[in-house]
Amino acid sequence: MLSLHAAQQRHPGRSHAPRIGLAIAGGGPIGAMYELGALRALDEACEGLDLTRLDCYVGVSSGAFFAAGLANRMDTAELCRIFITGESDDVVFRPETFLRLATDEYLRRAVAFPKLAARLTRDMLSGRGDSRWSDIVTRIGGLVPTGIFDNAGVEHFLREVFTRRGRSNDFRKLERPLYVIGVDLDSGEAVRFGDAGWDSVPISRAVQASAALPGLYPPVEIRGRHFVDGALRRTMHASVVLERDVDLMLGINPLVPFNPGTDEYADAQAHRFSDRRIAEGGFPGVISQALRTMLQSRMQVGLARYPAQYPHIDQVVFEPNADNRELFYTNIFSFAARRRISQLAYRNTLADLRKRRDELEPVLARHGIRLRADVIADRPRSIIAHLPAQPRSTETTAVLDRALDEIEHRLRTDKRAQARGMV
């Protein structure tokens, strides 16, 4: 599903090359794999679009992984080899790293139990407290861990990735602005890691905080403040990109509420749950639908408002189809289905580009982007089959390749600028 808001007016007197920004929302492990499939489709289908050299990146929760990777010049093919095929000679991705039980947190809370029980017993016997039962519930709640899984491994994994082969774990050393959004648990304030005052926080730490979904991962302490998932305030934080005065904003939101929409899905026997009665699936189905509905509705409110606020910016946002049963009934926190979900996103995105080609082409052309007809017309196209061969490299050659690639890019940029009469 594609949302397109073409600019109502052009920048007056603008003479520089088109500026493009990318906003990626969160969505847990499955959402991340959907985002990767969509990014790979855009990379293949859009000639003139270099996702590793955009003018601004913002990532929220799981989307922050890919925003940070792209800003570090890790292309979508490389990211696919890391997270989907496991064939990267640089990074080894182990799903269990993201799903290790927070045993230290459990033990710390358990140690406090005897003292809390003694104090609670004393207070109950003395009659203190407005309501004995509510007091019990409140105090026992302090023994419940703040997260099921330990996210320290997430930070360690990213720190290793961003501190080798010419990459950087420092916002200030990136060639292009990157913003990772976290929410202060105590104040509810959204913080832009990478912005002035917060750019000294390591990127790996910022992503760990942005992806700290309450209940799943514990809050991340930074400068004495506790941060959790950035999606608690806004779904995609697209305004961060729009405020950078870009000409085109690309957005990806991987979670939408499930809605079959047609009678062909009405037969309850087609699936273990009736598609028209989500409540029959119990708590997982209900909470998944509620989360998806909340995230998308908030984003739609913003997207409806942005054209009036930013009338000179073209906005293109990609989402899954609402009638996609496969995506809805896949465990949102599972890594096992990552190949299948990334392939689904890949084909959905290509299908959106194909169906909306007549509307999209003139908009994208304003920004030097052309749709590749052979790619979007290839209906059975596979995300895995079309990955390019992996270049073999060492730490030294990888750094050298990045430097040479950057020189070549600057020469091409200068040549295009001269052709426009800008230099």
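Q: In which sense do E9 and E10 pair, and over how many bridges?
A: This is a predicted model. In it, E9 and E10 pair in the parallel sense, over 5 bridges. Leu248 stands opposite Asp314 in E10.
Q: How many bridges join strand E2 to E9?
A: Strand E2 (residues 20–24) is joined to E9 by 5 bridges, and these two run parallel. Gly21 has Met249 in E9 as its bridge partner.
Q: Why is strand E9 largely enclosed by the rest of the structure?
A: Because 5 of the 5 residues of E9 (residues 248–252) are buried.
Q: Which residues point which way from E9?
A: Leu248, Leu250 and Ile252 point one way. Met249 and Gly251 point the other way. All are buried.
Q: New topic. How many cavities of 30 Å³ or more does a search of the whole structure find?
A: The search finds 3.
Q: What lines the largest cavity?
A: Its lining includes Phe65, Met74, Ile82 and Phe157. Helix H2 (62–71), helix H3 (76–85) and helix H7 (152–161) each give two or more residues to that lining. By class, the lining has 11 nonpolar, 1 polar and no charged residues.
Q: And how much space lies in the second largest cavity?
A: About 60 Å³. Leu250 is one of the residues that line the second largest cavity, as are Val316 and Phe318. Strand E10 (314–318) and helix H13 (357–365) are the elements that give two or more residues there.

Definitions and conventions. Residues numbered from 1 in each chain as written. Predicted model: local features only at pLDDT ≥ 70, side-chain atom pairs only at ≥ 80, totals over all residues. Heavy atoms only, no water. 1 Å grid on protein atoms, 1.4 Å probe; cavity = no way out; pocket = protein on both sides within 12 Å on 5 of 7 lines; lining within 4 Å. Points joined across faces, edges and corners; volume = space filled by probe spheres on them. Helix = DSSP H or I, 4+ residues; strand = E, 2+ residues; numbered from the N terminus. Nonpolar A, V, L, I, M, F, W, Y, C, P; charged D, E, K, R; others polar. Buried < 20%, exposed > 50% of the residue type's maximum accessible area, 1.4 Å probe, protein only. Pairing = 2+ DSSP bridges.
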